[in-house]
Amino acid sequence: MRIIRGKYGRRRFDVPGNITARPTTDFARENIFNVIENLIDLEGKTALDLFAGTGAISFEFLSRGCRTVTAVEKAATQYNFITKVARLLGDNNLHVIRGNALKYIETATNAFDIVFADPPYDLPDFGGIPGLVLGSRLLKPGSLFIIEHSKAYDFSGLQNFLQHRAYGSVNFSIFQIPD
């Protein structure tokens, strides 16, 4: 795993072979972060990474100036890897929660400036996740919500949809909550 830009840019970490997550490609991650940074200044913002996997998205948010990042990951191997990398970086602004991201969406009371979700593509009811996040308490006025998905989904009909981006086989739908 490589952190692309920011204070931890170019740092590489060996991902354990037994991680089952499908990491976002460097190409897609670099491009979606260019889009995000054109929409919002990340400096001092709070971010939530749902279905964090290897934590690559979380570390990119931290590296680019987010004040705090919360990563939610259910799998022990991925959770342990994220915690290990955070320890190696010496960054105390990452809060890793080992738990079910869907339950977190339903029960969380904190709102974030940016919410990023990268659920497993084969997750049952995948198509309902944007509605869950958009209807939750995770977003506040001005927040961005980004979901990574396959080309099989079209979320453009949902409220607050802003744009769709595709980088190879990786698709992102971006939502922005009005101020």
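**Close-up views of a predicted model**

**View 1. Helix α2 is mostly covered, with eight of its eight residues buried.** The structure shown here and in the following views is a predicted model. The buried residues of α2 are Ala56, Ile57, Ser58, Phe59, Glu60, Phe61, Leu62 and Ser63. They pack against the helices α1 and α3 and against the strands β1 (46-50), β2, β3 (94-98) and β4. Just after α2, Gly65 takes a positive phi of about 105°.

**View 2. The largest nonpolar core contains 36 residues.** Within this core, the residues with the most contacts are Phe59, Phe61 and Ile146. Several elements give two or more residues to the core: the helices α1 (26-39), α2 and α3 (76-89), together with the strands β2, β4 (112-117), β5 (139-149) and β7 (170-176). Apart from this core lies another, of 21 residues, which includes Val72, Val115, Ile147 and Phe175.

**View 3. The largest pocket holds about 430 Å³ of space.** Of the 26 residues that line this pocket, Phe51, Gly53, Glu73, Asp118 and Pro120 are the closest to its centre. The elements that give two or more residues to the lining are α2 (56-63), β2 (68-73) and α4 (101-107). By type, the lining divides into 13 nonpolar, eight polar and five charged residues.

**View 4. Asp125 has a positive phi, near 60°, although it is a residue other than glycine.** Asp125 is placed in the loop between β4 and α5 (129-134). Is this residue buried or exposed? Asp125 is exposed, because its relative accessible area is 68%, and the cut-off for exposed is over 50%.

**View 5. Asn160 also has a positive phi and is a residue other than glycine; its value is near 70°.** The loop between β5 and β6 (161-167) contains Asn160. Asn160 has a relative accessible area of 25% and is therefore partly exposed, since a buried residue would have to be under 20% and an exposed one over 50%.

Definitions and conventions. Residues are numbered from 1 along each chain as its sequence is written. This is a predicted model: local features need pLDDT of at least 70, side-chain atom pairs count only at pLDDT 80 or more; totals for chains, interfaces and linings use all residues. Side-chain values use heavy atoms; hydrogens and water are left out. On a 1 Å grid over the protein atoms alone, a cavity is a set of points where a 1.4 Å probe fits but cannot get out, and a pocket is an open set with protein on both sides within 12 Å along at least five of seven lines; lining residues have an atom within 4 Å of a point. Grid points are joined across faces, edges and corners, and a volume is the space filled by probe spheres set on the points. Helices (H or I, at least four residues) and strands (E, at least two) are DSSP runs, numbered from the N terminus. Ala, Val, Leu, Ile, Met, Phe, Trp, Tyr, Cys and Pro count as nonpolar, Asp, Glu, Lys and Arg as charged, and the others, Gly among them, as polar. A nonpolar core is a set of buried Ala, Val, Leu, Ile, Met, Phe, Trp, Tyr and Cys residues joined through side-chain atoms within 4.5 Å. Buried means under 20% relative accessible area, exposed over 50%, partly exposed in between (1.4 Å probe, protein chains only). Contact means heavy atoms within 4.5 Å.
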